[in-house]
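Trainee: I have this one open for the first time. Can we go through a few spots together?
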Amino acid sequence: MTYDARGRSVGELLNDDVCLSVPRYQRGYVWEEKHWKDLLRDITTSYKNGIYKHFLGTFVFEDIIEDGSTSIYSTNIIDGQQRITSLQILICSLIYVFKKHILESPELSAELFEEISRRIEILQKYLYFRDIKTTRNKMKLDNGVDSFNKLLDLSLTLCGKRSEVNIADYDELPNDIVSSAFWFMSKYIEDSVVDKSNFVKSIVDFLSAMLSMNVIVVRSSDQNEVINLFEVLNARGLYLKQIELLKNFIFRNLAPSKLRDEVKIEWLKLYNALYENNIDPDQFLLHFMRSYYDFKTLKQDEIYEKLKEFEFKTNYENVNTLFQWLKKCYKHYIIIATNKGSNVIEKRIYDYFIVKKNIQIRSLLLSLRIKHQEQLMNDDQYTEMLILIRNFFVGFNLLTNSSNQLEKHLYEASSNIFRAKNFAEVRMNIYSFLSKVSQFYPSVDDIERSILNIRYSNKSRKGNTRKDLVVYFLEHLYEAKKIEKDIEIPYKKLSIEHVIPDNGQDPLTWKLGNILLMTEGFNRKLKNKTYAEKKSFISRSEINFNRLFTEEYESFDLGNVSTRTKLLMSEIKSYFSFSPDDIILIEKMESKYEKIHKTICEDIEDNKKLRDKLNELGVTDFMKYVEKNLAIDDDIKQIIKKASQ
């Protein structure tokens, strides 16, 4: 082994006259408030308890050696840039607090000003050093972040005279994560560290605790070796997310190396897009991997280990291909997770899974969306597959089943569909999945009972159904009775109106039969009026479903609630219908795809038109096409029919 590992203090680490660089491929500064808090509290606790030996962890550095020399040209931070950047920002905060104290203390003595100025100079030495080769000042941390460099510039200004002290320029710092960290740390120091009765000593004690923290520094000039160390230290997810470990894997094996700058830019887009849409990158990675790879089981905290195991066995897959798929799939994943579908039906399907928080389904939805984008299926076929899946889950979820029961089958279908070469294979795998999980689908009686038990109250917690789910079910019935003059309203903009006012006491008034959907404006007008008082307002509703309601009910009482609840139950059951028996029969037919395909290729002289039609339609619809097509010879029909039996 050619690496050197030794224990050091933070002060010794920051005293080194060497520039620590963050490689291009590493993520940017991503620490958040919880991380800053932990660091500051650890330092505060150690010095207040008289313990100056807090352990900050392991740092891995790659030393770049000049050609033909033994001297270090520069040092790359392989592991530890978040902590080092935070320490540098903290030093800038200490300098700022010193400056602020000078400006806000008009009675400050010359001796105390001299001491504070000297302390600022000491702190500045942890931020830069004098490069003996160029005789120029050089930053001790080069992370390529403009706002960080701006903060350093402000922190390194001279403070030899009171007239040179300025903090106004700090207000011009960009509004980003580095500035957020700086202002958070500065406020913490002022609120939790500074002792006004002994200002300098309180900060010096805090600084001493910070500089006395222990670290282990591992260095090597062998790139492969330091990256391997990085993996060993982080593969169990102690410091980094799984997606960061994957990024390291991709950059390590990327060829040609000139692609790294391009990939770095694209990776940053991926990372930022997921965070901007409140999506955990590891969650995306988990569902991507469950589609992209044929893993029988895969948990979020074992993604990287599974990937390594698979790739090493196959002597490394082309990582360029892997990254291209990542780049393509994250955009589709965001659409699925945030309901930004390209058409109304797709959005409604995504809505349901978002409302029910069915996260596991995303791997299957991702594979389907990819195949639709690849034009392996047309819009109608794609819609058919989505509705089938949604309708199964509506029934499945009505009995509050756990989707963990479906996990194995769900991920198998996801990976098979991801690899499908035509619609026939997509359809075959969808029906195979639904056939396997039909055992978990409730009986008709259970479904009817569950829908009848749906209820909502905004005044009692005993109203046990989520508002957005009630709206989801009813909105589809509203859509079925929509006419041209109805206004277009996203269903999430509709409010629940109880026809007989909800007093929080009578559960019968919480049932579906007593609920209408209203725009916010109408809802506010109705308030707690009786139906007789509401009727004229509802009859002028912007929504046809509500106008029809007033035509049907001259008056409305609790007896009407029960009757109407049964009617709505029947309509909901019909709209979201799913027949396990029909699915199993179709799945048996679809499973004969290979046999029919082989027959066409071998016994019907490889009829390309028939092959293409089979791939386009799937077995069930292909057999209907063959039967009704008068242009197909009867002998050929018999051969195909025999193959399907």
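Trainee: Let me start with Gln375: does it count as buried or exposed?

Mentor: Gln375 counts as exposed, because its relative accessibility is 70%. Exposed means over 50% relative accessible area, buried under 20%, and partly exposed in between, with a 1.4 Å probe and protein chains only. Keep in mind that this is a predicted model, where local features need pLDDT of at least 70, side-chain atom pairs count only at pLDDT 80 or more, and totals for chains, interfaces and linings use all residues. Residues are numbered from 1 along each chain as its sequence is written, and side-chain values use heavy atoms, with hydrogens and water left out.

Trainee: Where does Gln375 lie?

Mentor: In the loop between H15 and helix H16 (379–398). Helices here are DSSP runs (H or I, at least four residues), as are strands (E, at least two), numbered from the N terminus. Gln375 is not a glycine, yet its phi is positive, about 65°.

Trainee: And what is phi of Lys357?

Mentor: Near 55°, a positive value in a residue other than glycine. Lys357 sits in the loop between H14 and helix H15 (362–373). Lys357 counts as exposed because its relative accessibility is 60%.

Trainee: What about Ser367, buried or exposed?

Mentor: Ser367 is buried, with a relative accessible area of 0%. Ser367 is found in helix H15. Leaving aside residues up to four places away in sequence, Ser367 touches Ser291, Ser414, Ile417 and Phe418; contact means heavy atoms within 4.5 Å.

Trainee: How far apart are Ser367 and His287?

Mentor: They are 80 residues apart in sequence and 9.7 Å apart in space, C-alpha to C-alpha.

Trainee: New topic. Which residues of helix H28 are buried?

Mentor: In H28 (residues 619–628), Val619, Thr620, Phe622, Met623 and Val626 are buried. They cover an arc of only 165° around the axis, so they are on the same side of H28. The arc is that of the directions from the helix axis to the C-beta atoms.

Trainee: What do those buried residues pack against?

Mentor: Helix H18 (423–437), helix H25 (580–590), helix H26 (593–603), helix H27 (608–617) and helix H29 (634–643).

Trainee: Last one: which residues in H14 meet H20?

Mentor: Arg348, Ile349, Asp351, Tyr352 and Val355 in H14 do, and their partners in H20 include Leu469, Tyr472 and His476.
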